[in-house]
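Let's take a walk through this protein together. Keep the sequence and the 3D view side by side as you read.

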Amino acid sequence: MEGVDPKDPSCVHSSDELLEVIGKVGFLPLFANEVPGFSVENMTDPGCWWNGDPETDPWEWRGILARTGKVAYGKFFHNKAGFVSKRWFPEFANFRRDGYDFDARYDDGKAGRKEKLIMDLFWPEEGEIWDSPVKTSMYSNEVKDLAGFGKNGEKGFEGTCTKLQMSSYLTVKDFRPRQNKKGEEYGWAVAIYTLPEYLWGYEYVTRCYKESPEDSHKKIISQIRKHFRSDEKLIRKVL
C-alpha cells in the first residue's frame, strides 16, 4: 500500500482527523488513484490498515465516519469507495444525477430495471412524504433479497448497487453485523444502505438542481484542485 510514515506531520492518525480533512477538501477516495495524494490511503500509516482497532485502523473509520451524518460514504469515485462531505454533497448529486430524481431518471430511460428494483424499496410511495417512509435503511443482504436478487433471482446485485452509488442515489449509512430472528448480531459487519435524502433531507440534497450539472462539475474540480495540484484530466477521470 501507499501511505506516509506515522511520524510525518501530514499523517492522519484518527477518524476525527480524517473527518476534519474530508470537511476541508469535500471529497476523498478511500484508496490511491490517478491523482497523487488524493486518498485516505495516501494520508495514513500503511501498517495500520486492517489491524481491527477502530482507534487506528482506517478501514474501521469508514463506519465511524458514516455514522456521524457529516459525510456520505459509498462507491463514488470510478466505481470505488470514498467520502463526500455534507457541505459538498448537493453539488455532487446535481452533477451525478444530471438534475434528475430517480423516478424521473427511470421514466426517461436513463436508469435500468434492476436499479429500480432496489430504489423501490426506499423511495416514498405516492402519497408518502420523505420524513415518514416505512423503510429508511436496510442491511445489504436484506436489500438483495427484497429486491429479488436472491437465489435463482436477478443477477448483478453488487454492480447495480455500485451504479446507484455512482449516480449518488444510494449511500452507506453504517456497517453492522447482521441480526437473527431474536435480534442477536452475528457474523461479519455488512453495509447498511440508505438514501442521502434520509440522511439530510430531500430539500437539502436537491438544492443545487437549479444549477446546470456542468457548473456543479466545474465547482467540484476547482475545489479538489485547491488541495491537490493535479492535472485536470486526471481529476475528471477519478470523478
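By about how much of a helix are arginine 236 and glutamate 232 separated? Arginine 236 and glutamate 232 are four residues apart in helix α12 (residues 232-238), so about one helical turn separates them. Helices here are DSSP runs of H or I with at least four residues, strands are runs of E with at least two, and both are numbered from the N terminus.

Before going further, a word on what you are looking at. This is a predicted model, in which local features need pLDDT of at least 70 and side-chain atom pairs count only at pLDDT 80 or more, while totals for chains, interfaces and linings use all residues. Residues are numbered from 1 along each chain as its sequence is written, and side-chain values use heavy atoms, with hydrogens and water left out.

Arginine 236 and glutamate 232 form a salt bridge, with their closest N and O atoms 3.2 Å apart. The term salt bridge means a side-chain nitrogen of Lys or Arg within 4 Å of a carboxyl oxygen of Asp or Glu. Side chains of opposite charge can pair when their charged atoms come close. Glutamate 232 also meets the side chain of arginine 225 in a salt bridge, at 3.6 Å from N to O. Glu214, Arg225, Glu232 and Arg236 are linked in a network of such bridges.

How covered are these residues? Buried means under 20% relative accessible area, exposed means over 50%, and partly exposed lies in between (1.4 Å probe, protein chains only). Arginine 236 is partly exposed at 33%, arginine 225 is partly exposed at 33%, and glutamate 232 is partly exposed at 31%. Another salt bridge joins glutamate 211 and lysine 219, whose closest N and O atoms are 3.1 Å apart. Glutamate 211 is partly exposed at 21% relative accessible area, and lysine 219 is partly exposed at 35%. Across the whole structure, a search finds eleven salt bridges.

Now turn to helix α4 (residues 89-97), where nine of the nine residues are buried. Among them are Phe89, Phe92, Phe95 and also the charged Arg96 and Arg97. What does arginine 97 contact through its side chain? The side chain of arginine 97 is joined to that of glutamate 197 by a polar contact of 2.8 Å. A polar contact is a pair of N or O atoms within 3.5 Å; within protein, one must be able to donate a hydrogen and the other to accept it, and residues adjacent in sequence count only if both atoms are side-chain atoms. Glutamate 197 sits in helix α9 (residues 196-200) and is buried, at 3% relative accessibility.

Just after α4 comes aspartate 98, with a positive phi of about 60 degrees. Most residues other than glycine have a negative phi, and most peptide bonds are trans. Aspartate 98 lies in the loop between α4 and α5 (102-107) and is partly exposed at 41%. Asparagine 79 also has a positive phi, of about 70 degrees, although it is not a glycine. Asparagine 79 is found in the loop between β2 (71-77) and β3 (80-85), and its relative accessible area of 45% makes it partly exposed.

The loop between β1 (27-29) and α2 (40-43) holds leucine 30, which is buried at 1% relative accessible area. Leucine 30 and valine 40 are ten residues apart in sequence, and their C-alpha atoms are 4.9 Å apart in space. Valine 35 lies in the loop between β1 and α2 and is buried, with a relative accessible area of 1%.

Patches are made of residues with over 30% relative accessible area and no salt bridge, with like charges joined within 9 Å. Asp16, Glu17, Glu20, Asp53, Glu55 and Glu60 form a negative patch, to which helix α1 (residues 15-25) gives the most, with three residues. Glutamate 20, in helix α1, is exposed at 60%. A positive patch gathers Lys86, Arg87, Arg207, Lys210 and Lys226. Lysine 210 belongs to the loop between α10 (202-205) and α11 (213-227) and is exposed, with a relative accessible area of 72%.

Conventions: Patch = residues over 30% accessible without salt bridge, like charges linked within 9 Å, V, L, I, M, F, W, Y side chains within 5 Å. Areas by Shrake-Rupley, 256 points an atom, 1.4 Å probe, with all protein chains shown as cover. Charge placed at Lys NZ, Arg CZ, Asp CG, Glu CD.
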